Amino acid sequence: MSDPESVRRSVLDRITPDPAERERLESVATRLVDRTRAAVVDLDADLTAGPDGDVDVVRVGSTARGTWLSGDRDIDLFVRFPTDLPRADLERYGLSIGHAVLPDGHEEYAEHPYVTGTLEGFDVDLVPCYDVPDAGAIRSAVDRTPFHDAYLSERLTEELAADVLLAKRFLKGIGAYGSDLRNRGFSGYLTELLVVEHGGFEPLLRAAADWHPPVRLDPEDHGTATFDDPLVVIDPTDPERNVAAVCSGRNLARLQHHARAYLADPSPTPFFPPEREPISADAVREHVDRRGTTPVAIVLQPPALVDDQLWPQLRKSRDGIVRALEDRQFPVLRSRTMVEGDPVAASRARGTGLSDPGRAVILIEPLRESLPAVAAHRGPPVSVREHAEGFYDAYADDGDPHTYGPFLDGDRYVVERERAVTSAAAFLAEGDLSDVGLGAQLTDAIADREVLVGDDVASLADGFGRQLRSYFEPRP
């Protein structure tokens, strides 16, 4: 299929909520708002010193704006408190209302705690915030959200709302959607802003196809801050905030690649790509043999962490380990962090808000596995007398029988010393990694690590099959 309008219609038919789905969501949302307002009234009656001033309930998010994809079941309610309420009281009252509305819910933490739970199959977040006059006066990050909702609601037409659905489904299909720290992609708010700013889905793709990062967009032409991010979209409600701060350069490039491909040949495929099957252990062994490298997998049991803590900790640990290897002359071809299963789904299923405590893996693929027992250490030219004499004297009488030299190589002193690390795998398996810049919350888990080398990484196919396929058979 190559007609853009036909693609548009066929995709929208699949992703637009039908009247029955909309009616069901509105029914549940209305009851939730009513229950929340009743809980606010009960709070005033039950507390001897309740909030001083009006407390209102506002529904926000894509389901409030009509920009939600069929099958999405998120309802977001914000309870706005007077700005003179102390922070501790806002948290206390907010949680009290949240638990009254969602008795089976649990507490999660953004900048401050809130209650999340389910009602009749819908995922509900009930978040307390301050009723500030504008986003420039926020007391906490969540105070901006009602302003985001108002800004977009004023600008979204029915046609633009449909284009938002297309953009969200496209980004999901190519793997670039979601502002959590696992995905580091495009948030829903960012996606809607980009569609509104460019006047539609295809105009956004045409613009993205020609972007030259860093890209800066300022819908209200009011930005006052500078940022180093590859994509900068100044928040229309806050001139000092980059809405795209979380979006990685890789996901920006992914959007550009798929935008160009789609514009060249429109098709429903990027919206609904076939799911890749997990790779088999035998296929992993074949890849390892063909590549001629010796991959090393550090397998650990991380502590229970919220997802947005676990992934940054894993990436920081991976980066520290890669630097440690390269400092020891083991250049790394590629590396990857992986977590077993779906931590987001698992955390919802357990109702704890914490990532599933399954295995995590830091996969490292060094370009070489071993090095000679000695390494050359070159000193300064002999003509640089002070430094040359210092170098010579330091090694001439060091008493180490394993040191060769000092001797002359051209015009420089050189010594050859015993190398502390000759095997990348041995270093990762037996070395002390505590000082290589690990994520602080994973230090103990990495100390108790299991290390798989070469063909043995194939055993991870059971549990990490899809992630290993994307590593060994990468796509844009």
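This is a predicted model: local features need pLDDT of at least 70, side-chain atom pairs count only at pLDDT 80 or more; totals for chains, interfaces and linings use all residues.
Arg92 is partly exposed, with a relative accessible area of 46%.

The wider setting may now be described. The chain has 476 residues, of which 47% count as buried, and it contains 16 helices and 15 strands. Its C-alpha atoms fill a box of roughly 85 × 65 × 45 Å along the principal axes. Among contacts with a separation of 6 or more, 70% are between residues 24 or more positions apart. The accessible surface comes to about 22,800 Å², and carbon and sulfur atoms account for 47% of that area.

The structure holds 26 salt bridges. One of them joins the side chains of Arg8 and Asp163, at 2.4 Å from N to O. This pair links distant parts of the chain, since Arg8 lies in helix α1 (residues 4–15) and Asp163 in helix α6 (residues 158–174), 155 residues apart. Arg8 and Asp163 are both buried.

Another salt bridge brings together Glu365 and Arg291, at 2.7 Å from N to O. Here too distant parts of the chain are linked: Glu365 is in strand β11 (residues 360–366) and Arg291 in helix α10 (residues 281–291), 74 residues apart. Glu365 is buried, with a relative accessible area of 0%, while Arg291 counts as partly exposed at 31%. Elsewhere, salt bridges with shared partners connect Arg65, Asp149, Lys168 and Glu192 into one network.

Arg254, in helix α9 (residues 249–264), presents another case. This residue is buried yet has no salt bridge, and the nearest side chain of opposite charge, that of Asp180, is 11 Å away. Beyond its neighbours within four places in sequence, Arg254 is in contact with Ile174, Gly175, Ala176 and Pro476.

The cysteines complete the account. The structure holds zero disulfides. Cys129 counts as buried at 0% relative accessibility, and Cys247 counts as buried at 4%.

Note on methods: Residues are numbered from 1 along each chain as its sequence is written. Side-chain values use heavy atoms; hydrogens and water are left out. A disulfide is a pair of cysteine sulfur atoms within 2.5 Å. Buried means under 20% relative accessible area, exposed over 50%, partly exposed in between (1.4 Å probe, protein chains only). Helices (H or I, at least four residues) and strands (E, at least two) are DSSP runs, numbered from the N terminus. Contact means heavy atoms within 4.5 Å. Accessible areas come from the Shrake-Rupley method with a 1.4 Å probe; for residues, only the protein chains shown count as cover. Lys and Arg count as positive and Asp and Glu as negative; His and the chain ends are not counted. A salt bridge is a side-chain nitrogen of Lys or Arg within 4 Å of a carboxyl oxygen of Asp or Glu.
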